[in-house]
Amino acid sequence: MKLFSDIWKILSTKEYLGYLLQGFGNTLLITLIAALIGLVLGFLVAIIKIFALDNKYLKIPAFICNIYTTVIRGTPVALQLFIMVFAILVIPGFKVTAIILTFGINSGAYVSENIRAGILSIDKGQTEAGRSLGLSSMKTMTKIVLPQAVKNVIPTIGNELIALLKETAIVSMVGSTVGTLTFDLNQATRVINKSISNYLAPSILAGLMYLAIVYLITVFIKIFERRLRASDKH
Amino acid sequence: MISIRNIYKNFGNLEVLKGVNCEIKKGEKIVIIGASGSGKSTLLRCMNLLEEPTYGEVWIDGKMMTHVDPYLHPELLEKSKTFQKLLKEQNNHDEVINNIVNNKLLKKMEGKKFHQAKKEFEKENCIDINVGRQKMGMCFQHFNLFNNLTIINNLILAPVELKLMTKDEAIAKASELLKRIGLYDKKDEYPSKLSGGQKQRIAIIRSLCMNPEVMLFDEPTSALDPEMVGEVLNLMKELANSGMTMVVVTHEMGFAREISSRVIFMDGGVIVEEGTPQNVFDNPQNERTKAFLSKVL
Ligand SMILES: Nc1ncnc2c1ncn2[C@@H]1O[C@H](COP(=O)(O)OP(=O)(O)OP(=O)(O)O)[C@@H](O)[C@H]1O
Ligand SMILES: [Mg+2]
């Protein structure tokens, strides 16, 4: 019963509810910006790796991209966050940048593999037909291969977005302050816990908020997928 | 029109083509036959550089699509360091050249003079690979229509993207071809809605929309249900009668005999025998040709 009264207390106290909402907003914002960075980075890396298969000038960039994806996917994101915040971008006022960059760079590595797999899943004959008509590799990619790859890539990118959203819960590990972007949903539960001495109540509320947004993303992607499929009925 | 000069193609350690030479003149209908694995597809794909030859050159209309192969040009070899060195030892110009060519003695670095001459030669004779490919239509065993585009967009994509025609011109041309093969009513369908025979005929006219000078076919009917082979072969016969230069890899011997002006028999990565269909089919000279034909005819 104490649990319910505590939950009620949080919801009816402006200060506590404000923490939760602020944290929720920040979690979304960090995720959104990081996801955009990840998408751009991932796309670039995937394209470089694919084109490097038959372009010798891209061998070295592709090698660097391979190191990037191997290292990022082979180490914990928490470690990457520490290194970024306490070793690379140790400039006062740049903590938020460092955090967002970490998640963006991390996400980019996974997204690039998703996009690469999506592109490679398209029959080689499609590329060969495009090239044999005299289209450049770039045109073939943008007009023929990518439009077909998108369908395969969207669901995996959606999963990646959900994973990213949940992963951002570790920002509090590098210290967070109320009022800045570092104050995420997870941190909000801790602050509330300090005041009401009940960890479970704010956690349940935060959990519901995570769950709601994850569910929303899932639904959104399903709709998007269905649209894509309907638009080129095959 | 197309000149294939001493083409070698290795896949790793596997030597698939071992020195193929072939001149294709305007209007010729060439049929390439041979056992599975003899390198027919690879040769065809080397012609439009879907595979890059390991050695040798491909020329179209007097322009080179591949890189220069120095082993085909003694005047280039003369500029190499290896030549200069060997000349001091052997002192016979022709012997040294032969030695270099036969044993492939060129190294990565052959001196400034050699590389400059090579570059100059390429500058003078090379055309952009995409420009060369525009002159050669290619039809594949599995059609390879663009799955994300409707039939009409399949047909006009390349000519419009390459700015060879305006969209209206391309649509007019595509519509005319579609009407000719009786598939105009399918123009807004996606490829998945078509039968194999229809897909292959669309693939053929997709190439024709580019106004190619030569059409390459790699077993265009071998992925089709038997009842659909005829419609595709008929379109190809029509094309042949219209004067199109064609190179066809096929197992359809009757068709080969009917349309070809020259039959090439390949085995083990080389051209073993070539000649008119009468000569090759009815009076083969080589034992390997005889063995192959006795199996397929
Ligand atoms: N991309 C590739 N990588 C490695 N080996 C290849 C490749 N393409 C072809 N080969 C090999 O080269 C040889 C010749 O292949 P090719 O496809 O040219 O034969 P083909 O005469 O067209 O045979 P088929 O009648 O079966 O089509 C085969 O042994 C094949 O396995
Ligand atoms: Mg073949």
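**Ligand 1**

I started at ligand 1, where a backbone N or O atom of B:Ser38 lies 3.3 Å from one of the ligand's oxygen atoms. I count a polar contact as a pair of N or O atoms within 3.5 Å; within protein, one must be able to donate a hydrogen and the other to accept it, and residues adjacent in sequence count only if both atoms are side-chain atoms. The model is predicted, so to speak for the record: local features need pLDDT of at least 70, side-chain atom pairs count only at pLDDT 80 or more, and totals for chains, interfaces and linings use all residues. Residues are numbered from 1 along each chain as its sequence is written, chains are lettered from A and ligands numbered from 1 in the order in which they are written, and side-chain values use heavy atoms, with hydrogens and water left out.

Next I looked at side chains. An N or O atom in the side chain of B:Ser36 is 2.6 Å from an oxygen atom of ligand 1, and for the side chain of B:Lys40 I noted 2.8 Å, again to a ligand oxygen. On its own, ligand 1 has 630 Å² of accessible area, and the protein covers 61% of that. Areas here are Shrake-Rupley with a 1.4 Å probe; for residues, only the protein chains shown count as cover.

Then the shell. I took a residue as near the ligand if one of its heavy atoms lies within 4 Å of it. There are 13 residues around ligand 1, and B:Ser36, B:Gly37, B:Lys40, B:Ser41 and B:Thr42 come nearest. By type I get four nonpolar, seven polar and two charged. The classes: Ala, Val, Leu, Ile, Met, Phe, Trp, Tyr, Cys and Pro are nonpolar, Asp, Glu, Lys and Arg are charged, and the others, Gly among them, are polar.

H1(B) gives the largest share, three residues. Elements are DSSP runs numbered from the N terminus, with helices being H or I of at least four residues and strands E of at least two.

**B:Arg45**

I stayed in helix H1 of chain B for B:Arg45. Leaving out residues up to four places away in sequence, B:Arg45 touches A:Lys124, A:Glu128, B:Leu50, B:Glu51 and B:Met138, where contact means heavy atoms within 4.5 Å. I also checked B:Asp218, which is 173 residues apart from B:Arg45 along the chain, with the C-alpha atoms separated by 8.7 Å.

**Cores in chain B**

A nonpolar core here is a set of buried Ala, Val, Leu, Ile, Met, Phe, Trp, Tyr and Cys residues joined through side-chain atoms within 4.5 Å. The largest one has 48 residues, and those touching the most other members are B:Ile33, B:Ile202, B:Ile204, B:Met215, B:Phe217, B:Met236 and B:Met246. Helix H10 (residues 226-241) of chain B supplies the largest share of this core, eight residues. Apart from this core lies another, of 38 residues, including B:Leu17, B:Ile24, B:Ile30 and B:Ile32.

I went back to B:Ile33 for its neighbours. Beyond four places in sequence, B:Ile33 touches residues including B:Lys40, B:Thr250, B:Phe265 and B:Leu293.

B:His73 sits in the loop between S5 and helix H2 (74-77) of chain B. B:His73 counts as buried, at 8% relative accessibility. Its side chain makes a polar contact of 2.8 Å with the side chain of B:Glu57.

B:Lys63 is in strand S5 (residues 63-64) of chain B and is partly exposed at 31%. B:Lys199, in helix H9 (residues 196-208) of chain B, is partly exposed at 21%. Among the residues B:Lys199 touches, I noted B:Phe143 and B:Pro191.

**Chain A**

Last, I looked at chain A: nine helices and zero strands. Buried residues make up 46% of its 234 residues. The C-alpha atoms fill a box of roughly 70 × 45 × 25 Å along the principal axes. Accessible surface comes to about 12,000 Å², with 71% of that belonging to carbon and sulfur atoms.

Technical notes: Buried < 20%, exposed > 50% of the residue type's maximum accessible area, 1.4 Å probe, protein only.
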